[in-house]
Amino acid sequence: MLKKILSCKACAQCRICCVFDDSDIWEAPLISDETKENILKINPTQEFQTIGPSRIMKMEKGENGLYFCPMLGENGCLLGDEKPFDCKIWPFRVMEFCGMKVITLSPVCPELFKKPIGELMSLLEDGLAERIFEEAEKFPQMVKKYIPNYPILAVK
Ligand code: SF4
Ligand code: SF4
């Protein structure tokens, strides 16, 4: 979804958003039924943890205190274009701000955070914001609590 502005090469060298620590494990992608099936085709023994009506992949904490996404392979995400919606739109996040749903930009992504804001806004206004808000209606668990240093780029 972000291929227009995010190069696969940059992501292959970065991988920040596929590795978590205790402070950002809340960013672990939500797994839909369809994505779960795709994950199980790759690894039939993958376990999941439920979070309310949703689920995430079970991840073991490594000795370095980091949780590596089990779908992270040598050349990037093993799910390819079938990756979870949360991953398809990262570093855009849906958050709740003063009772409204907003789309924010995670400052963690080194590639998109340095892009001109106009470029990001054009992408959102070109249908992406609508698509993200639609998904957030279907899966309310993807709406996170607002974090103050996340710039707000769209409001529903
Ligand atoms: S943090 Fe940004 S640049 Fe890094 S892998 Fe994720 S989307 Fe790509
Ligand atoms: S599912 Fe793929 S894109 Fe998403 S966090 Fe895991 S490896 Fe990264």
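This is a predicted model: local features need pLDDT of at least 70, side-chain atom pairs count only at pLDDT 80 or more; totals for chains, interfaces and linings use all residues.
## Ligand 2 and its shell

Around ligand 2 stand Cys18, Pro29, Cys69, Met71, Leu72, Cys77, Leu79, Lys83, Pro84 and Cys87. When these residues are sorted by class, the shell around ligand 2 has 9 nonpolar, no polar and 1 charged residues.

## The two domains

The domain assignment divides the chain into domain 1, which covers residues 8–80, and domain 2, which covers residues 88–155. Between the C-alpha centres of domain 1 and domain 2 there is a distance of 20 Å.

The two domains also touch, with 10 residues of domain 1 in contact with 10 residues of domain 2. On the side of domain 1 that touches domain 2, the classes are 8 nonpolar, 2 polar and no charged residues.

## The chain as a whole

The chain holds 4 helices and 10 strands, and when it is read along the sequence these elements follow the pattern α-β-α-β-β-β-β-β-α-β-β-α-β-β. Taken along the principal axes, the C-alpha atoms of the chain fill a box of roughly 40 × 35 × 30 Å.

A compact globule with 156 residues would have a radius of gyration near 15 Å, and because the chain has 15 Å, its value agrees with that expectation.

## A sheet of four strands

In which order do the 4 strands of the open sheet stand? The order is β9-β7-β8-β10, and the pairing within this sheet is mixed. At the edges are β9 (143–145) and β10 (152–155), each of which pairs on one side only, and from one strand to the next the twist averages 45°. As a general point, strands of a sheet pair through backbone hydrogen bonds, either parallel or antiparallel.

Helix α4, made of residues 117–138, lies across β7, β8, β9 and β10, and the direction in which this helix runs is at about 130° to β8.

## Strand β8 and its two partners

Strand β7 (residues 92–97) pairs with strand β8 (residues 100–105) in the antiparallel sense, over 6 bridges. These two strands form a hairpin with 2 residues between them, and in the turn Cys98 has a positive phi of about 50°. Phe97 has Met100 in β8 as its bridge partner, while Val94 stands opposite Ile103 in β8.

Strand β8 also pairs with β10, again in the antiparallel sense, and this pairing runs over 3 bridges. Here Ile103 has Ala154 in β10 as its bridge partner, so that residue can be followed across the sheet, from Val94 through Ile103 to Ala154.

Methods
Residues are numbered from 1 along each chain as its sequence is written. Chains are lettered from A and ligands numbered from 1 in the order in which they are written. Two strands pair if DSSP finds at least two bridges between them. Axes are lines fitted to C-alpha atoms, for helices over the stretch in contact, and angles run from 0 to 180 degrees between N-to-C directions. Two residues are in contact if their C-beta atoms, placed from the backbone, lie within 7 Å. Domain bounds come from an automatic or database domain assignment. Ala, Val, Leu, Ile, Met, Phe, Trp, Tyr, Cys and Pro count as nonpolar, Asp, Glu, Lys and Arg as charged, and the others, Gly among them, as polar. The radius of gyration is taken over C-alpha atoms; the globule rule is 2.2 Å times the number of residues to the power 0.38. A residue is near a molecule or strand if its C-beta atom, placed from the backbone, lies within 6 Å of it.
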